Amino acid sequence: MAISSSRFDTLTQLSERRRDGAARQLTSQRQRQETAAQQLVTLEQYRLDYCQQMQARLTQGLDPASWPNYQAFIASLDKAIAQCRMRVAQEQTQTHHQHQRLVKEQQTHAAWQGLADRASLSAALQARTAEQRQSDEQATQAWLRRANG
């Protein structure tokens with residue numbers, strides 16, 4: 001039993017919506033990944049700048065009481081950087097998964113679209129064949145009337 005063209009159209013539209021949704025989710029995921037990567041760059045640059053400032057203070061003579069504060073601050077920056085790196089890795093993984101989902105939805109949509117196109121072509125061919133049969137029958141009837149008549 002053949003599936004009607006309108007059912008293929010419905011399935012094609014549904015797959016198109018799913019594909020478009022996957023594309024939007026991938027775009028959002030890429031933005032989250034980019035934001036996380038930018039935050040990591042910012043933290044790393046801040047750490048570098050802070051270390052350079054402390055190096056300058058060391059050459060000018062640093063108050064010994066400030067050294068533990070400096071070490072604690074650098075340790076907290078290192079912890080934040082490590083967490084941010086983990087977040088970037090997670091976002092990259094999620095981006096990869098979203099990309100795979102989009103590819104799958106594109107393939108599904110292409111398959112339904114191909115089936116819909118074939119169903120439409122088949123229906124058009126059947127209509128042309130029926131029309132040709134009717135035309136042939138009318139021509140045969142007209143010929144028979146002329147021959148008998």
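1. Burial. Of the 149 residues of the protein, 18% count as buried. The model is a predicted one, and the points below should be read with that in mind.

2. Surface. The accessible surface of the protein is about 11100 Å². Carbon and sulfur atoms hold 52% of that area.

3. Overall shape. The C-alpha trace spans about 125 × 25 × 15 Å along the principal axes.

4. Secondary structure and contacts. The protein has 2 helices. The strand count is 0. Take the contacts in the protein with a separation of 6 or more: residues 24 or more positions apart account for 89% of them.

5. Charges. There are 19 positive side chains and 14 negative ones. How far apart do the centres of the two sets lie? They are 5 Å apart.

6. Cysteines. The count of disulfides is 0, a disulfide being a pair of cysteine sulfur atoms within 2.5 Å. C51 is in no disulfide; its nearest cysteine sulfur belongs to C84, 17 Å away. C84 is likewise in no disulfide, and the nearest cysteine sulfur to C84 is that of C51, at 17 Å.

7. Cysteine burial. Are C51 and C84 buried or exposed? C51 has a relative accessible area of 19%, so C51 counts as buried under the 20% cut-off. C84 is at 8% relative accessibility and therefore also counts as buried.

Note on methods. Residues are numbered from 1 along each chain as its sequence is written. This is a predicted model: local features need pLDDT of at least 70, side-chain atom pairs count only at pLDDT 80 or more; totals for chains, interfaces and linings use all residues. Side-chain values use heavy atoms; hydrogens and water are left out. Helices (H or I, at least four residues) and strands (E, at least two) are DSSP runs, numbered from the N terminus. Buried means under 20% relative accessible area, exposed over 50%, partly exposed in between (1.4 Å probe, protein chains only). Contact means heavy atoms within 4.5 Å. Accessible areas come from the Shrake-Rupley method with a 1.4 Å probe; for residues, only the protein chains shown count as cover. Lys and Arg count as positive and Asp and Glu as negative; His and the chain ends are not counted. The place of a charge is taken as NZ of Lys, CZ of Arg, CG of Asp or CD of Glu.
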